Amino acid sequence: MSNPESHAYADAEVNDAALRYHAEPSPGKTAIQIKKPTRTQRDLSLAYTPGVAEPVRRIEQDPDAAYRYTNKGNLVAVITDGSAVLGLGKVGALAGKPVMEGKAVLFKHFADIDVFDIEVYARHPQEFIDTVRRIAPTFGGINLEDIAAPHCFEIEQILIDELDIPVFHDDQHGTAIIIAAGLLNALELQGKRLEDARIVVLGAGAAGIASIRLLITLGAHRNNIFAVDRQGVIHTGRRDLNPFKFGIAADTERRTLADAMQDADIFIGVSGPDLISPEMLAAMAPRPIVFALSNPVPEIRPELARTVRDDLIMATGRSDYPNQVNNVLGFPYIFRGALDVRASRINEDMQIAAVHALRDLTHEPVPAEVLEAYGLEQLAHGPDYIIPKPLDPRLRERVSSAVARAAVESGVARIPYQPD
Ligand SMILES: NC(=O)C1=CN([C@@H]2O[C@H](COP(=O)(O)OP(=O)(O)OC[C@H]3O[C@@H](n4cnc5c(N)ncnc54)[C@H](OP(=O)(O)O)[C@@H]3O)[C@@H](O)[C@H]2O)C=CC1
Ligand SMILES: CC(=O)C(=O)O
Ligand SMILES: [Mg+2]
């Protein structure tokens, strides 16, 4: 698939197939499954009245008993207001439902976590916060999804402060974790260091701001980072910045995306489709790293990028190119680890543990079943393998256990970690 036209054809074919996949043989992607016997009169008297009253009494006396007698401990809410769905923008709560069902599929398939997808009509952040707060008792964790900046920051922080279960905005931290892991591996291959790298981040929303913060925590120099939004470079002279953008503003004379890209070592796109030109890539430093992560259409297609440079390492958010830098590599396992030790939150130590687990796994030999799943003969840490493949079964043990151990060590776990 070497030219943009053949890609447009492939996308049209995938779109048709996706509609059939979602509609047939019955609408939607998930269903509820019953875990206990329901065959006899006795079964029903245990599942429902009168038997069900006893677990009710136990939970009334001790709320922690809900983890023993209900599905709470393995149930996550994937909740959106539909304000930033993939790179499609504000499509609304209902139109976001296929994506939320998709996240539910990934949680279940990769980490055996049950999910209710919840699409909330909310006119302002407080309505959304109130909704989540009111339904929180049902769940062991809350995964906020596709909520636009800047409201996502306020929503997440208030819910973290108020709730005693993990609240995690996937588009912020899930994305930042995978970007960091892939970037550290790519830098190693390009012979560069995060501490010295000049970084351009296009998109200063949920994913962009969280990624910049995590990269600074991991050693990137804040003076080397140019964030760019629709108005251009986010610099300290701008008067239109919200506090979150102001917090990452650069003291610089550069004003446009093209200015920012001059001599950059790293480009991270978490913005929208087709926003980078070949000329901008050509202006980057030798051996650049280009993460064009907007979904479903990246900021620049790999086949177009390769027409101007052959020294780059490139990643997208999609399954149909090498190097899929996508939060699917994080959220199932991060929640698995957090739920396994009943963590009260997903803190920075847990997030950094996930970065290193993902980074380290990329350096290990790839199992035959992964090669088979991707139709590959061989795969090893290199320009086309900077991050594990989403279908790698080792992710579950490696990432989840690293996160669970970090939760215990940082004091937010409520039960000990027991490996399987
Ligand atoms: N691969 C992955 O795992 C993930 C990818 N993403 C992708 O990242 C993108 C952003 O998601 P998210 O952060 O949640 O969304 P937000 O709505 O929170 O932020 C979007 C940001 O992109 C900027 N932007 C949008 N269009 C343009 C443009 N034409 N020129 C310059 N800047 C632009 C916006 O600028 P302004 O502030 O001026 O409006 C804003 O800063 C989406 O495409 C999404 O698919 C997100 C999460 C995970
Ligand atoms: C992958 C994802 O969460 C997004 O593009 O929004
Ligand atoms: Mg998302």
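**Figure 1. Ligand 1 lies between domain 2 and domain 3 of this predicted model.** Because domain 2 (72-165) and domain 3 (172-331 + 344-414) both give residues to the shell around ligand 1, the ligand lies between them. The shell holds 28 residues, of which Gly-87, Gly-205, Asp-229, Ser-294 and Gly-317 come nearest to the ligand. Two elements, H8 and helix H9 (206-217), each give two or more residues to this shell, and H9 provides the largest share, with three residues. By residue class, the shell around ligand 1 is made up of 12 nonpolar, 13 polar and three charged residues.

**Figure 2. The surroundings of ligand 2.** The residues that surround ligand 2 are Leu-86, Asp-146, Asp-170, Asp-171, Asn-295, Gly-317, Asn-326 and Asn-327. When this shell is sorted by residue class, one residue is nonpolar, four are polar and three are charged. Gly-317 belongs to the shell around ligand 2, and Gly-317 is also among the residues that come nearest to ligand 1.

**Figure 3. The crossing of helices H8 and H9.** In this view the axes of H8 and H9 come within 8 Å and cross at roughly 50°, and the two helices are therefore oblique to each other. The crossing in which H8 passes H9 is right-handed. On the H8 side, the residues in contact are Asp-171, Gln-172, His-173, Thr-175, Ala-176, Ile-179 and Ala-180, and they meet Ala-206, Ala-207, Ala-210, Ser-211, Leu-214 and Leu-215 of H9. Taken by class, the residues of this contact between H8 and H9 comprise eight nonpolar, four polar and one charged.

**Figure 4. The crossing of helices H8 and H15.** Helix H8 (residues 170-190) and helix H15 (residues 348-361) have axes that come within 8 Å and cross at roughly 40°, which makes H8 oblique to H15. The crossing of these two helices, H8 and H15, is right-handed. From H8, His-173, Ile-177, Ile-178, Ala-180, Ala-181, Leu-184 and Asn-185 take part, and they meet Gln-351, Ala-354, Val-355, Leu-358 and Arg-359 of H15. The residues of the contact between H8 and H15 fall into eight nonpolar, three polar and one charged. His-173 and Ala-180 of H8, named here in the contact with H15, are also listed in the contact of H8 with H9.

**Figure 5. The crossing of helices H15 and H17.** The axes of H15 and helix H17 (residues 394-409) come within 8 Å and cross at roughly 150°, an angle that makes H15 roughly antiparallel to H17. H15 passes H17 in a crossing that is right-handed. H15 contributes Asp-349, Met-350, Ala-353, Ala-354, His-356, Ala-357, Leu-358 and Leu-361 to the contact, while H17 contributes Arg-394, Arg-398, Val-399, Ala-402, Val-403, Arg-405, Ala-406, Ala-407 and Glu-409. The residues of this contact between H15 and H17 divide into 11 nonpolar, one polar and five charged.

Conventions
Residues numbered from 1 in each chain as written. Chains lettered and ligands numbered in written order. Predicted model: local features only at pLDDT ≥ 70, side-chain atom pairs only at ≥ 80, totals over all residues. Axes fitted to C-alpha atoms, helices over the stretch in contact; angles between N-to-C directions. Helix = DSSP H or I, 4+ residues; strand = E, 2+ residues; numbered from the N terminus. Parallel < 35°, antiparallel > 145°, perpendicular 65-115°, else oblique. Left-handed = near helix turned anticlockwise from the far one by under 90°. Contact = placed C-beta atoms within 7 Å. Nonpolar A, V, L, I, M, F, W, Y, C, P; charged D, E, K, R; others polar. Near = placed C-beta within 6 Å. Domains from an automatic or database assignment.
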